[in-house]
Amino acid sequence: MDAPALDGTAQRRNRRKVSRKNYDENAMDDLIEKQLGGNSKKKYRTKQDLEKETETEALIALSVGFPIDELLEEEIRAGVVRELGGKEQNDYIVVRNHIVARWRSNVGIWLLKDQIRETVSSDFEHLISAAYDFLLFNGYINFGVSPLFAPYIPEEGTEGSVIVVGAGLAGLAAARQLLSFGFKVLVVEGRSRPGGRVYTQKMGDKDRFAAVELGGSVITGLHANPLGVLARQLSIPLHKVRDNCPLYNSEGALVDKVADSNVEFGFNKLLDKVTEVREMMEGAAKKISLGEVLETLRVLYGVAKDSEERKLFDWHLANLEYANAGCLSNLSAAYWDQDDPYEMGGDHCFLAGGNWRLMNALAEGVPIIYGKSVDTIKYGDGGVEVISGSQIFQADMILCTVPLGVLKKRSIKFEPELPRRKQAAIDRLGFGLLNKVAMLFPSVFWGDELDTFGCLNESSINRGEFFLFYAYHTVSGGPALVALVAGEAAQRFECTEPSVLLHRVLKKLRGIYGPKGVVVPDPIQTVCTRWGSDPLSYGSYSHVRVGSSGVDYDILAESVSNRLFFAGEATTRQHPATMHGAYLSGLREASQILHVANYFRTNPKKPVQRYSGVNMTVLEDLFKRPDIATGKLSFVFNPLTEDLKSFGLVRVCFDNFEDNPTNRLQLYSILSREQANKIQELDKSSNESKLSCLMNTLGLKLMGANSVLDTGGALISVIANARRGRSRTHVVAGQCIIP
């Protein structure tokens with residue numbers, strides 16, 4: 001599941017997500033079309049029309065996540081206006097909102113800057129450019145999978161090369177965005193499919209199958225949700241998860257509505273009290289769990305005193321553990337809900353036909369190598385190197401999108417090691433479990449009108465076992481039902497035989513429907529998940545554990561040495577544990593990588609960190625067999641690429657060391673093949689002319705051996721590995737060459 005959703009209702013206090021109206025994917029188009037009048041120019045409109053138009057655009061921008069009358073922190077950092085708080089800022093916000101609204105009116109078309117110039121006065125040209133560039137490069141417009149975007153994607157990357165580890169939502173979002181920015185990209189994926197923790201299982205036979213979600217499943221809130229944009233671009237219908245969620249007791253009878261309402265009210269009141277308690281406790285609340293505080297308050301206020309009420313209360317606790325993929329005994333009382341203010345508004349939806357449709361569309365056209373688990377990631381001033389088995393992958397930068405569980409297990413070796421600050425955050429954050437039993441039946445015995453229903457359990461220790469069912473018959477293509485397992489039950493689930501699990505879940509279903517005279521047939525096919533045992537995930541999604549906080553999500557998102565970047569649901573403080581959070585984190589890091597690449601290009605400076613694994617012996621060995629030798633100059637390059645822009649080394653010998661090899665002066669520089677060819681053109685000229693060309697014409701600086709090891713260590717390692725690695729396959733981002 002590379003970026004799971006909180007499969008159920010992301011609203012943690014209530015299992016029933018209340019919405020005012022059903023989702024209509026054309027509603028925004030209709031609204032904008034009515035208010036903006038299509039593409040007609042503003043100069044033909046009255047002042048009243050313009051004011052109404054501006055208000056509408058502000059509301060649309062607000063739904064996407066922009067404040068009404070302020071700049072985002074990212075906009076301030078980007079310097080979109082020269083002075084904060086003045087008229088220019090107000091004008092910028094109006095222009096920005098207009099651009100957002102224009103693109104949202106038709107997300108299938110690439111919005112050009114010239115189209116904005118048609119509807120905005122030329123007096124605001126500088127604001128048009130500032131707003132358009134910010135929105136484009138930060139993933140607010142022109143993102144996604146529309147086939148009509150193809151003409152605007154560069155055919156060849158010129159910005160640099162990036163390896164993306166992981167083909168889940170975060171990795172694919174970043175890869176597509178980087179390709180559109182002009183980077184060479186290669187995605188390395190351990191599984192044999194895209195999607196990661198988003199996994200649609202096709203159940204049944206090949207002629208008639210049902211698409212069932214074993215990982216991330218629900219699009220949680222459509223307002224501003226990029227996954228809703230992808231669905232619109234692909235013309236995939238969305239099915240609103242209906243509010244009706246009946247609860248059945250452990251004997252199979254419907255729970256009394258009054259009792260249900262009373263316990264739910266008490267449960268929500270206790271959560272309010274948790275907020276009050278942690279405010280009174282201040283820093284001490286960081287050290288205790290949500291489970292401890294809730295149980296203390298439950299006893300103190302006399303909530304759920306009898307056994308039946310306690311079963312209902314336990315159901316809500318299980319739902320809370322499900323939303324956080326963690327036991328309440330592990331969740332931080334202080335910060336478990338730190339992301340609540342950022343929840344997406346709007347309906348929660350199933351995607352017709354399964355989420356694999358999004359994943360396949362995102363993967364289309366992206367260079368992906370499947371079945372390659374990463375063993376080692378090396379990063380330094382000269383670039384990055386990724387090792388998977390006997391293969392080496394090389395690029396300028398790397399984006400790591402593996403799940404937090406993999407980072408916790410230290411499954412990937414980093415050279416040099418990750419900073420202590422980042423490793424500590426990895427250790428502090430929680431990464432829990434949600435498991436499922438997916439079943440395909442001969443018929444929809446539970447009734448066409450239900451999308452969800454819940455079941456109480458007899459004991460608190462089993463409260464999370466099959467406590468909630470998702471019905472996929474409306475979107476999957478067949479009578480599919482999924483039973484959810486959360487909390488401690490999800491952990492025990494991992495080591496229980498599937499036949500035992502199936503027996504338990506069928507017993508529960510027959511206990512509900514048997515008394516109604518409904519026969520529950522044996523399923524045609526059953527699948528049990530094991531996300532905790534999966535070596536490519538080691539769990540389901542993240543939560544804020546005792547001792548952790550939302551700051552740890554920010555730390556996980558920090559890049560290292562401007563070479564190693566991180567994305568995924570556990571790197572987004574605002575939207576952790578969601579599919580859309582993972583996708584947005586990929587867009588975020590693509591923007592960050594572009595920013596760093598631009599900085600490198602305009603602010604070259606001497607690196608100070610030595611790349612591991614190279615020394616003087618390695619350097620000397622390279623020049624024993626130079627690729628080019630002309631006079632006292634010799635050159636070595638990576639034999640795996642003929643790109644004129646690729647870099648190599650030049651050595652200049654100032655003494656005749658054949659007479660006295662112990663007393664020689666050798667200086668080095670880093671140059672491109674293109675520059676080397678210019679020097680080689682002077683083959684019949686004197687050594688002095690060649691040196692003059694190197695230093696004066698080309699502007700290269702000579703350095704000693706230690707300096708070139710510091711500056712070009714990664715490059716030296718790449719060339720050395722390429723020369724001796726006849727037993728390995730070397731992969732450069734965007735290109736695979738087998739010696």
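Five strands, in the order S9-S2-S1-S13-S22, form an open sheet with parallel pairing; strands are DSSP runs of E with at least two residues, helices are runs of H or I with at least four, and both are numbered from the N terminus. Two strands are taken to pair if DSSP finds at least two bridges between them. The model is a predicted one, in which local features need pLDDT of at least 70 and side-chain atom pairs count only at pLDDT 80 or more, whereas totals for chains, interfaces and linings use all residues. Residues are numbered from 1 along each chain as its sequence is written, and side-chain values use heavy atoms, with hydrogens and water left out.

Ile 163 has Ile 398 of S13 as its bridge partner. Helix H18 (residues 579–602) packs on this sheet and touches S1, S13 and S22, and its direction makes about 160° with that of S22. Contact means heavy atoms within 4.5 Å. Axes are lines fitted to C-alpha atoms, for helices over the stretch in contact, and angles between N-to-C directions run from 0 to 180 degrees.

A second sheet is antiparallel and open, with 3 strands in the order S5-S8-S6. Its edge strands, S5 (219–220) and S6 (238–240), each pair on one side only. S5 is joined to strand S8 (residues 348–351) by 2 bridges, the two running antiparallel, and Thr 220 stands opposite His 348 in S8.

Helix H9 (residues 257–281) packs against helix H11 (residues 307–324) at an angle of about 50°, with the axes 9 Å apart. The contact involves residues of H9 including Val 263, Phe 267 and Leu 270, and residues of H11 including Leu 312, Phe 313 and Leu 317. By class, this contact has 9 nonpolar, 1 polar and 3 charged residues, where Ala, Val, Leu, Ile, Met, Phe, Trp, Tyr, Cys and Pro count as nonpolar, Asp, Glu, Lys and Arg as charged, and the others, Gly among them, as polar.

Glu 465 is found in strand S18 (residues 465–471). Its relative accessibility is 15%, so Glu 465 counts as buried (under 20% relative accessible area, with exposed over 50% and partly exposed in between, for a 1.4 Å probe and protein chains only). Leaving aside residues up to four places away in sequence, Glu 465 touches Asn 457, Leu 484, Val 485, Ala 489, Arg 504 and Lys 508.
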